[in-house]
Amino acid sequence: MYNHAKQGGEDAEPGYNTSKIKQKGGFKATSFIYALVALENMGLIANMVSLVLYFLHKLYFHLPEAVNTLTNLMGSTFLLSVVGGFISDTYINRFNTCLIFGTIEVLALAMMTYQAHTKSLLPQLPPCNKGSCMDGGMGVYFYASLSLLAFGAGGVKGALPALGADQFDRRDPKQAKGLASYFNWLLLSAVSGAAIGVTFIVYVATNKNNQNWWKGFLISTLGAFVGYVLLAIGKPFYRIEIPRGSPLVRIAEVIVVAVKNRRLSHLESPSELYEVNEKDSESIAANVAHTKQFRWLDKAAILPENTEPARWKVCTVTQVEETKVLIRMLPIIGSTIIMNTCMAQLQTFSVQQGYQMNPKLGSFKVPAPSIPVIPLLFMVVLIPVYDKIFVPFARKFTKKPSGITQLQRVGVGLVLSALSMSIAAVVEVKRRKQSLKNPFQPISLFWLSFQYGIFGIADMFTLVGLLEFFYKEAPAGMKSLSTSFTWISLSFGYFLSSTLVDIINSATRGGGGGRGWLEAVQQNLDTTKLNLFYWFLAVLSVLNFFHYLFWAVWYKYKNDGGAGDAAAAATNGKE
């Protein structure tokens, strides 16, 4: 029989030694990854929530340009995760991919540190009367550093989550449970580092009237550098998967063969479709059972008469089903974009809101970008509770290793994000009313904690749900690229935010040359209608939830012959 894994290298890993592999991996290996995630996110999240102030008060951007520059930076960062995911699946293993892109990220942070400390690379007072004063040589340097930061950080995000997930074997009942917990603890590491970043680093950067930004960037640089050193030290403990060749070629093969065989009749039974017996294959991945969706692709698994099995002539059922999985994922990606558009507002307009509120906590002045520490602290407490209490409890009823399905978890997050935007609109009305009444007695900064807190919980459900969903459902040779789909959703959310700001402003200016909803006079939010923009996003989020619900019900989970149910089987026997 034709051995598809031998010829195509679809799932086989040369030199795979199961006895040696079992001695590596597990939580001992992922502890190094957790350390990197905490240290890297310490700086990354601090920059995400505070760079809009750097652009406004240090580089003298106008508010719309500052907001769009930050959202475009974050959108590019997450979009470029696809590059890291593709490279680590195709050419370089995930460990080396992380180190290469991590070096670029550290270099970019060092460049930002140098620019923030060098007067000749910064615009001087009085500021120019333009949306952005960054032009000439300092503009080239500025945008080069941001581009490198997006490329480096994005590449790491495309490979790192899958590197950690590789340390657990889903076919082993105990390790299947460990995989479900891994993504929860990965998020816990990220929010723990972020909590330090949005308090300590933001305080250092914004202290002394925004004159210490270079110190904040320096701490971010050193944190990321130490994190990647720790990642390198952990190499002896990792299970390192060997790249299996281009996943895009395998997808193209199914589509091309299906088109070639379009005139063939469907077979009476799916059992007649071409498949390689797992015992006859060198592949370590289980075969995927046939599903009825997208039947036209099944023709790629029909072996024409008088034809010898070979690549580009026939595909296995598993290969066809993996292509179907990717097609099914596309609506899930599309229906989570709006939530990430909402998140972009908490890192831009909400930070500017805080800048015009009372920052005092007793005698201590809290920097506005530090407000996200409230949901981060909530998450630091709630993630262990969710993983150690809720998941085992739910597992008794659902028999699923993760307690509830990944798509159910994402749905909860989408509902909470709509609630967060509604609360943001109400808080903005209260803030603006008080500011217009008495600008010297603004409401407390901590009113923002409601919208931040609810959205933080939403993010806890959605981000981990998507990461676990895309990793588990992905074909064996596309784990990194598929995991990066989570970041693609984030990326499109940020880009959509920039587009919506421009569209809303254009649509609400009117014919008389007036101001749009989000166009502030002298950076004063009291002159905007930000509350209406928040209500617009809340309504959009509700509509998007029903859009997501349709596709989540329609989605058919991959059946990999029981590998994914190992932990559930063990649970039935123990609990």
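Buried means under 20% relative accessible area, exposed means over 50%, and partly exposed lies in between (1.4 Å probe, protein chains only). Keep those cut-offs at hand for this tour.

This is a predicted model, in which local features need pLDDT of at least 70 and side-chain atom pairs count only at pLDDT 80 or more, while totals for chains, interfaces and linings use all residues. Residues are numbered from 1 along each chain as its sequence is written, and side-chain values use heavy atoms, with hydrogens and water left out.

**Stop 1: the whole chain.** Show the cartoon. The chain has 19 helices and two strands. These are DSSP runs numbered from the N terminus (helices: H or I, at least four residues; strands: E, at least two). Along its principal axes, the C-alpha trace spans about 80 × 55 × 50 Å. The radius of gyration is 25 Å, which agrees with the value near 25 Å for a compact globule of 575 residues. That radius is taken over C-alpha atoms, and the globule rule is 2.2 Å times the number of residues to the power 0.38. Of the 575 residues, 59% count as buried.

**Stop 2: Thr113.** Select Thr113 in helix α6 (residues 94–117). Is Thr113 buried or exposed? Thr113 has a relative accessible area of 10%, so it is buried. Its side chain reaches the backbone oxygen of Leu109 at 2.8 Å. Such a polar contact is a pair of N or O atoms within 3.5 Å; within protein, one must be able to donate a hydrogen and the other to accept it, and residues adjacent in sequence count only if both atoms are side-chain atoms.

**Stop 3: Val226.** Move to helix α9 (residues 213–233), where Val226 sits. Val226 counts as partly exposed because its relative accessibility is 40%.

**Stop 4: two loops.** Most residues other than glycine have a negative phi. Select Tyr60, in the loop between α3 (26–57) and α4 (63–79). Tyr60 is not a glycine, yet it has a positive phi of about 60°. Then jump to Lys399, in the loop between α14 (373–398) and α15 (406–437). What is the phi of Lys399? It is near 60°, a positive value in a residue other than glycine. Lys399 counts as partly exposed because its relative accessibility is 32%.
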